[in-house]
Amino acid sequence: MSTENTSVKCPNCKEVFKVDDSVYTDIVKQVRDQQFNEELKSRLAIAENEKTSAVQLAESKLESAFNKKIADKDKEISDLKLKSKSELIDEVSKKEETIRQLQSKIENADTQKKLEVSSAINTIEKERDQLLNDLKNKDTERSLSERSLNEQFNNTLAHKEDALKLKEEEIDRLKDYKQKLSTKMIGETLEQHCETEFNKLRATAFQNAYFEKDNDASAGTKGDYIYKETDNDGNEIISIMFEMKNENDQTATKKKNEDFFAKLDKDRKAKGCEYAVLVSLLEADNEFYNTGIVDVSYKYDKMYVIRPQFFIPIITLLRNAGMKSLQYKAELNTVRNQNIDIANFEEKMSDFKNGFARNYDLASRQFGKAIDEIDKSINHLNKIKDALTSSERNLRLANDKAEDLSIKKLTSENPTMKQKFDNLK
């Protein structure tokens, strides 16, 4: 069985008190019988009395404790009252001094803060003023720069307009000049240009060259210029027939380069030139003729069409080719001369053989005739003598020719055979 106390509430005074389990059990048991109520009333009365006594005791204790606290407070108040007035004054003074110090610190802190704030404000104001000044200076510089740039731009624009105006005036002047020129004059101007370009290099690069106008119209026509060049031995390196063609921009009928090919080829052949070159400003927009040196030998043998700026280069190119060709010609002439030397040697040998055979035949016939005459008659001795004398003379001539024939004479005008006999030695 549990030994814990059980709380019981008084139905009258509503006081709660505790009873142990044994009592509670008894009470429970008594409830079952008739005596429970009487006993309960008795116990309740006892509990009520105990409660009253306990309340009174508690009130007495509380009152005693309260009185004690009041006494303690009174004693504390008395003790406080016992303190001297000077101590209180000193303490108050200390408090006031502390207060003043704190107020002073506060005031100093406020002053310092004000100073710092004022200094910061001054610094910021100075920076603000400096920025404003810089901004004004920048605006001034920008305005000056804009003004300067505008002036420069206007000056440049004015210069460009002036230059453009001058160019336009120059173009108009040139157009007017070209309109005033005849077709022949324009052609002569192009010829003068080419002649001037050539003369600039004549003394240094073309010392052995001939470059003059073609003034021979005996064949019915003539070209503009003939270029010929020979080596130091007089062998021709190259020869070119030049034709220069240009026309006025305002000419109604425009000529084509091809219109002059046939005449140029005819002039080249008539003057014995190896090449034909048309220096042309015709068909200015034709890309075929604007590419450089144009070879038109597919139409006419050894013919080229060039713009004026290629006048000197075409001479140089054809001249270099001619120099190389001249080497081949020299080698060919050497071989041809060797063949001629051999033919001359054979011809001389044949002449010698024919002459010797003829003299021998004459001598042989005369000698035979003399023998016949001796056999026929001694009377014919004088005739035979004459015949023998004649035979002897012929033999002597033949012998003289044989003796006179030597390798030196046979090869005197034949260096090839001379070299061959020298090699045999």
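**View 1. Overall burial and composition of the predicted model.** Buried residues, meaning those under 20% relative accessible area, with exposed residues over 50% and partly exposed ones in between (1.4 Å probe, protein chains only), make up 21% of the 425 residues in the protein. This is a predicted model, in which local features need pLDDT of at least 70 and side-chain atom pairs count only at pLDDT 80 or more, while totals for chains, interfaces and linings use all residues. Residues are numbered from 1 along each chain as its sequence is written, and side-chain values use heavy atoms, with hydrogens and water left out. The protein contains 10 helices and 8 strands, taken as DSSP runs (helices H or I, at least four residues; strands E, at least two) and numbered from the N terminus. The protein exposes about 31200 Å², of which carbon and sulfur atoms supply 53%; accessible areas come from the Shrake-Rupley method with a 1.4 Å probe, and for residues only the protein chains shown count as cover. Of the contacts (heavy atoms within 4.5 Å) between residues at least 6 apart in sequence, 55% join residues at least 24 apart.

**View 2. The mixed sheet of six strands.** An open sheet of 6 strands has the order E3-E4-E5-E6-E8-E7, with mixed pairing, where two strands pair if DSSP finds at least two bridges between them. E3 and strand E7 (294-295) stand at the edges, each with a single partner strand, so one side of each is left without a neighbour in the sheet. E4 and E5 are antiparallel over 6 bridges, with Lys228 bridged to Ser239 in E5, and these two strands form a hairpin with 5 residues between them, where Gly234 in the turn has a positive phi of about 85°. By contrast, E5 and E6 pair in the parallel sense over 6 bridges, and Ile240 has Tyr275 in E6 as its bridge partner. E7 and E8 pair in the antiparallel sense over 2 bridges, with Asp295 bridged to Tyr304 in E8. Because 8 of the 10 residues of E5 are buried, this strand is largely enclosed by the rest of the structure.

View 3. Leaving aside residues up to four places away in sequence, Val277 touches Ile240, Met241, Phe242, Glu243, Leu264, Tyr304, Ile306, Ile314 and Leu318.

View 4. H5 lies across E5, E6 and E8, running at about 150° to E5; axes are lines fitted to C-alpha atoms, for helices over the stretch in contact, and angles run from 0 to 180 degrees between N-to-C directions. The buried residues of H5 are Phe261, Leu264, Asp265, Asp267 and Arg268. They cover an arc of only 160° around the axis, which puts them on the same side of H5, the arc being that of the directions from the helix axis to the C-beta atoms. The cover over these buried residues includes E5, E6, helix H6 (287-290) and E8. Asp265, which lies in H5 (residues 261-270), is buried with a relative accessible area of 8%, and beyond residues up to four places away in sequence Asp265 touches Tyr300, Asp301 and Met303. H5 is followed by Gly272, whose phi is positive, near 65°.

**View 5. Two loop residues with positive phi.** Most residues other than glycine have a negative phi. Glu283, in the loop between E6 and H6, has a positive phi near 50° and counts as partly exposed at 22% relative accessibility. Lys302, in the loop between E7 and E8, has a positive phi of about 55° although it is not a glycine, and Lys302 is partly exposed, with a relative accessible area of 30%.
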